[in-house]
Amino acid sequence: MSANNKTYVSPEIRRELLNEIYIEKIDDVLAEYTTLFRQHPLTRHDKELSGYYANLSLLIKNIRFGTVSYTQTEVDNYLRKAHAAKIRAEVFA
């Protein structure tokens, strides 16, 4: 036996696993937004925050149903921007 034993993971299974990771990350940010909205009710009227919240919800839906395929970079960049917007809102709330 060689020391170079690697387990093959099909592209479909790999995509499914990545999608679960994406969904978990997005759910975490949505939970942070929900907490922010509860603690500071006026933030619900912030267009940037409500836009990110709606887009994150749509992102999860698209990932779950496979209607749109995203790269890891796309998801990470969007999550970073959404998280930064939430932090700015907390500072000014």
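Predicted model: local features only at pLDDT ≥ 70, side-chain atom pairs only at ≥ 80, totals over all residues.

Biologist: Which residues make a nonpolar surface patch?

Modeller: Val-9, Ile-13 and Leu-17 do, and the patch covers about 260 Å². Take Leu-17. This residue belongs to helix α1, which spans residues 11-39. Leu-17 counts as exposed because its relative accessibility is 51%.

Biologist: Now the charge pairs. How many salt bridges does the structure hold?

Modeller: Side chains of opposite charge can pair when their charged atoms come close. The structure holds 4 salt bridges. One of them joins Lys-25 to Asp-76, with the closest N and O atoms 3.2 Å apart. This pair links distant parts of the chain. Lys-25 sits in helix α1, while Asp-76 sits in helix α3 (residues 72-92), 51 residues apart. Both partners can be read by accessibility. Lys-25 is partly exposed at 33%, and Asp-76 is partly exposed at 24%.

Biologist: Which parts does the salt bridge of Glu-48 and Arg-88 tie together?

Modeller: The side chains of Glu-48 and Arg-88 meet at 2.9 Å, N to O. Glu-48 lies in helix α2 and Arg-88 in helix α3, so the pair ties together parts 40 residues apart in sequence. Glu-48 is partly exposed at 37%. Arg-88 is partly exposed too, with a relative accessible area of 39%.

Biologist: What about a pair within one helix?

Modeller: Look at Glu-90 and Lys-86. They form a salt bridge, with the closest N and O atoms 2.9 Å apart. About one helical turn separates them, because they are 4 residues apart in helix α3. Glu-90 is partly exposed at 35%, whereas Lys-86 is buried at 6%. Shared partners join Glu-32, Lys-86 and Glu-90 into one network of salt bridges.

Biologist: Last one, Asn-62. Is Asn-62 buried or exposed?

Modeller: Asn-62 has a relative accessible area of 11%, so this residue is buried. Asn-62 lies in helix α2, residues 47-65. Next, check the contacts beyond its sequence neighbours. Leaving aside neighbours within four places in sequence, Asn-62 is in contact with Thr-67, Val-68 and Tyr-70.

Methods. Residues numbered from 1 in each chain as written. Heavy atoms only, no water. Patch = residues over 30% accessible without salt bridge, like charges linked within 9 Å, V, L, I, M, F, W, Y side chains within 5 Å. Areas by Shrake-Rupley, 256 points an atom, 1.4 Å probe, with all protein chains shown as cover. Helix = DSSP H or I, 4+ residues; strand = E, 2+ residues; numbered from the N terminus. Buried < 20%, exposed > 50% of the residue type's maximum accessible area, 1.4 Å probe, protein only. Contact = heavy atoms within 4.5 Å.
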